Amino acid sequence: MTTDTVRPPTGRASVFQRVGDWSYRRRWTALVLWVVVLFGASVAAQAVGDDYRNDFSLPGTESQQAFDTLRQRAPVSAGETIQIVVQDRDGLTGAATRARVETMLAEVGRLPHVAAVQSPYAGFGVSADGTVGYATVTLDGVAAEVPADDVRAIMDAAAGAAGDGLRVEVGGAPVRAVQEGGGGAAEGAGLLAALVIMVLLFGSLVAASLPVVIAVFAVGTALGLIALASHLATIADFTAPLMMLVGLGVGIDYALLIFSRYRSELARGVPRQEAARIAQDTAGRTVFFAGCTVIVALLGLVVLGLGSLQGVAVAVALTVLVTMLASLTLLPALLSLTGRRVERSVRARESRGRRPEGTWWRRWAAGVQRRPWWGALVPFVALLALSAPALDMNLGFADAGNDPASTDSRRAYDLLAEGFGPGFNGPLLVVVEGAGADAGAARDAIAATPGVAEAVPPSAAGPGISTIVVLPESKPQDEATMDLVHRLRDDVLPLLARDSGARFLVGGGTAATVDFAEAVAARLPLFVLVVVGLSTLLLMVVFRSMLIPLKAAVLNLLSVAVALGVTTLVFQRGALGVEPGPIEAYVPVMVFAIAFGLSMDYEVFLLSRMQEVWHDGGDASRAVREGIATTGRVVTAAGAVMVVVFAAFMLSPTRMLQQFGLGLAVAIVVDALVIRCLILPAVMQLLGRRAWWLPRFLARIVPEVALERRPERPAG
């Protein structure tokens, strides 16, 4: 049994060692400080609440110009709307049915935040067969500004009229917003599954619980801080569950990497405090640089210039930062408190006569090294095939047609499509601005455009401004609807503007979705270039190699491509019985930023051990074998933990979180199993000594940053 004599470190200690030593020796101080931070952030957030709100504005786009014009010139027309859909198989025009509908609408009109109510009997609100009708309830703000309780009051008032053959459903963006929840049971399911994996890995509940404790502290603190920050900056309402998704996965992952090195040192007979110092100075450095890579990737989202994503990027980056700090400062304190029990667990496993750790992985690496071309090319081609569906990815936003059939919004959506056609759920709003504009002639020209099912006669929205509602023949998410938006903007309306001198703008939710998807697609190459470029430079500095950063960039891009390909296959093409629909426009860029950064975690962790062996003897083949032998078990375990945490978000009722969860889980499976355990050792074997080559002119420029120091072993 080793002792845990506390003695000052010999030689010059690194920053990581000094921080770890302070936390280890002053364990109660470090623990109390973290409890205070967590408690303070949580209590403050509970006291003031949060102010999450979405910012879907796209300055410079035509849909945004249409919205801004209506907001300035006709504020009521710019408000969010709710549709109250009614159906009576015997017809809606009977006196009794009409009286019930009108009474219900009068009650709705008196509710808070209701600016106007348009009856189905005034205009074109009843279907051709007279069985389906809809009333439009205009609110005095966008969905994020109207309290959920007031939206539910409208839903309850409408539902009160149902019965005796009259069916009433309520739809619209505000209704969908109050129906959607967060992660639900996803976070708990992910944590439980992660705990089970770590118990199997370490054989001890105490040891397995330490990474989970780190994750809970980090995520809880970050959530409190971001809730407070939401009062000062625009942060989207889906940020909190996304922070939990990333924070739980990264928190467990980082703590697991350091804790695994700590256990390895204990197994070598190193005293507990010295084992903690070594883990801090080796795996702790890896966690620091890996965390910096993730943060760089997330902050790269700022390059997109999309206000709705910038707040999310900063919030998730803060979560990773807090997680990294907790792993480096709180974990040593917990190791000091539980080290004796962890050491007993390590000794107990050794006493059972198990094979030395890494034996199986060493044989696996040797097998890959014997046939490196097969190990590199076969899985590479297979992953390219899985990536192929991403080339056909259709960006957009899910609408009520993608909601579960049991929801109010989906039932209202289906009723409207049944009564008025598939394009009714995705109308385009043409804003006509100009004192002398002939909106009637414009309506006739629009109605004659291929792809238009109907153009409603223009209505005056304000002085010198009118609107024309255009109903496409196709569903909102169909490519034909997107083509119609471009046809109106590029061919039809410019001719009308030239002849009349009026200004025509195509807006509405469907047009805004087209604009947003195109804005993301147009800025994506720059975003990828910035993230990959900065990450490659960081790896070049860390490993002082030209080929390792390039190889890492290619393989990490491949894992992200596979994630997007599988996500497209499942959610866009409807594999596994999922309701087909577009890939949420946020998902590809967020999955890229997070998955690319997390892939770098494993890259840095594995290659740092290879580099350590390479510096010991200069044998490239041995470095590959020993790197896999010492990290293979923990990388696959950490990957499994990440996968179960991310995959648990498939249980979320929110389609966006389901896509995030699947995409990130697939990326980690591919990266931790296929790339790190198969392709990477094969490629490193093929590169040999060249893997660690850096041109002389770069060697003079690139600063030296030691990622892994060979620690001094205690005598005896």
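This is a predicted model: local features need pLDDT of at least 70, side-chain atom pairs count only at pLDDT 80 or more; totals for chains, interfaces and linings use all residues.
Is Cys677 buried or exposed? I began my notebook with this residue, and I found that Cys677 is buried, with a relative accessible area of 6%.

**Entry: the cysteines**

I then looked up Cys292. This residue is partly exposed, because its relative accessible area is 23% and buried would need a value under 20%. For Cys677, the 6% falls under that cut-off, so I wrote it down as buried. A reminder to myself: a disulfide is a covalent bond between the sulfur atoms of two cysteines.

**Entry: the whole chain**

I went on to the overall build. The secondary structure comes to 22 helices and 11 strands. I noted a radius of gyration of 30 Å, close to the 27 Å that the globule rule gives for 716 residues, so the chain is as compact as a globular protein of that length. I also fitted a box along the principal axes, and the C-alpha atoms fill roughly 95 × 50 × 40 Å.

How much of the chain counts as buried? I read off 55% of the 716 residues. For contacts with a separation of 6 or more, I saw that 81% come from residues 24 or more positions apart.

**Entry: surface and charge**

I looked up the accessible surface of the chain, which comes to about 28900 Å². Carbon and sulfur atoms own 60% of that surface. Then I turned to the charges: there are 59 positive and 61 negative ones, and their mean positions lie 19 Å apart.

Which phi does Asp164 have? I found a positive value of about 55°, although Asp164 is not a glycine. I traced Asp164 to the loop between helix H5 (148-159) and strand E4 (167-171). Asp164 is exposed, with a relative accessible area of 76%.

Leu576 was my other stop. Its phi is near 65°, a positive value in a residue other than glycine. Where does Leu576 sit? I placed it in the loop between helix H18 (547-572) and strand E11 (583-584). I noted a relative accessible area of 80% for Leu576, and exposed means over 50%, so Leu576 counts as exposed.

How values were computed: Residues are numbered from 1 along each chain as its sequence is written. Side-chain values use heavy atoms; hydrogens and water are left out. Helices (H or I, at least four residues) and strands (E, at least two) are DSSP runs, numbered from the N terminus. The radius of gyration is taken over C-alpha atoms; the globule rule is 2.2 Å times the number of residues to the power 0.38. Buried means under 20% relative accessible area, exposed over 50%, partly exposed in between (1.4 Å probe, protein chains only). Contact means heavy atoms within 4.5 Å. Accessible areas come from the Shrake-Rupley method with a 1.4 Å probe; for residues, only the protein chains shown count as cover. Lys and Arg count as positive and Asp and Glu as negative; His and the chain ends are not counted. The place of a charge is taken as NZ of Lys, CZ of Arg, CG of Asp or CD of Glu.
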